[in-house]
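Here is a friendly walk through the cross-links of a protein chain. Please keep the sequence and the model at hand as you read.

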Amino acid sequence: MRALLVGLLLAASPAAAVTCEDITFEGASFTACTVDAATEDLRLFHRDAAGAVLGTFSNIETAIAPRTLAFAMNAGMYHEDRRAVGLYIQDGVQTAGIVTSDGPGNFGLLPNGLLCLTDDSARVIESLTYVATQPDCRDASQSGPMLVIDGALHPDFIPDSDSLNIRNGVGTSADGTRAVFAIANQPVNFHTFARFFRDRMETPDALYFDGRVSRMLAPQLGRNDFGLPMGPMVGVVE
């Protein structure tokens, strides 16, 4: 009887909006938060209702109160004034256009891509594919380079590269129902980071967010990284 009661109570309990875990992959430490994009309130954040840059996880929580964040992360590169470098759409309003030309830095290491969110999906899409198909993204943030493109690693990544950094990014499932947001807890190269998404987290498409700025809020793990104000951010509201 007691076992039946416990089972009923567990069945009645709401499922966690986000599952965050620390993972070791090939000797390196990562933290990954997996989101059910089909059911959870996954959004991008940049400015508040008055147009001021939010910049921090705490400012997001102030803006969404009394609701809270189940998870958050920086979600794309930005200029010194915190403007998005590439395409940025929030709640159907586009405030920056897509950039498809190559250029200096990681953003310009083509192919780059974007995170496209709808009310029930999350997809990482290569930038030229976005231009050709014009998907209806409620929210979108462009960054680069792509880490994994349809199961293949970015062609310019070198397995034994000595370009090491703390890195963060996002990978999505083929059907768009699962999004994995991950951060390396120690310096890794692009090749290792991309393989973490493809081989360990099993996401056929993945996008690099940043390396110089990589921060995560994961209340499940007692994690709340801090630093200077950021540009675009992504999070789950609960």
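The report below goes through disulfides, a sheet and salt bridges in turn.

This is a predicted model, in which local features need pLDDT of at least 70, side-chain atom pairs count only at pLDDT 80 or more, and totals for chains, interfaces and linings use all residues. Residues are numbered from 1 along each chain as its sequence is written, and side-chain values use heavy atoms, with hydrogens and water left out.

## Disulfides

Let us begin with the cysteines. Taking a disulfide as a pair of cysteine sulfur atoms within 2.5 Å, the count comes to two. In general, such a link is a covalent bond between the sulfur atoms of two cysteines. Both links are set out here.

| Pair | S to S | Angle about the S-S bond | Hand |
|---|---|---|---|
| Cys-20 and Cys-33 | 2.0 Å | 110° | right-handed |
| Cys-116 and Cys-137 | 2.1 Å | -110° | left-handed |

With the bonded cysteines of the protein chain numbered in sequence order, the pairing reads 1-2, 3-4.

Where do these cysteines sit? Helices (H or I, at least four residues) and strands (E, at least two) are DSSP runs, numbered from the N terminus. The disulfide of Cys-20 and Cys-33 has an S to S distance of 2.0 Å. Cys-20 belongs to strand E1 (residues 18–25) and Cys-33 to strand E2 (residues 28–36), so this pair ties together parts that are 13 residues apart in sequence. For accessibility, buried means under 20% relative accessible area, exposed over 50%, and partly exposed in between (1.4 Å probe, protein chains only). Cys-20 is buried at 7%, and Cys-33 is buried at 0%.

The link between Cys-116 and Cys-137 is left-handed, with -110° about the S-S bond. Cys-116 is found in strand E7 (residues 113–118), while Cys-137 is in the loop between helix H3 (127–133) and strand E9 (139–143), so the pair ties together parts that are 21 residues apart in sequence. Cys-116 is buried, with a relative accessible area of 5%, and Cys-137 is buried too, with 6%.

## The sheet

Two strands pair if DSSP finds at least two bridges between them. Met-146 stands opposite Leu-207 in E14.

## Salt bridges

A salt bridge is a side-chain nitrogen of Lys or Arg within 4 Å of a carboxyl oxygen of Asp or Glu. How many does a search of the whole structure find? The search gives eight salt bridges.

One of them joins Arg-67 and Asp-41, whose closest N and O atoms are 3.4 Å apart. Arg-67 lies in the loop between helix H2 (57–64) and strand E4 (69–74), and Asp-41 in strand E3 (residues 41–45), so the pair ties together parts that are 26 residues apart in sequence. Arg-67 is partly exposed at 37%, as is Asp-41 at 22%.

Asp-119 and Arg-138 meet in a salt bridge of 2.9 Å, N to O. Asp-119 lies in the loop between E7 and strand E8 (121–126) and Arg-138 in the loop between H3 and E9, so this pair ties together parts that are 19 residues apart in sequence. Asp-119 is exposed, with a relative accessible area of 61%.
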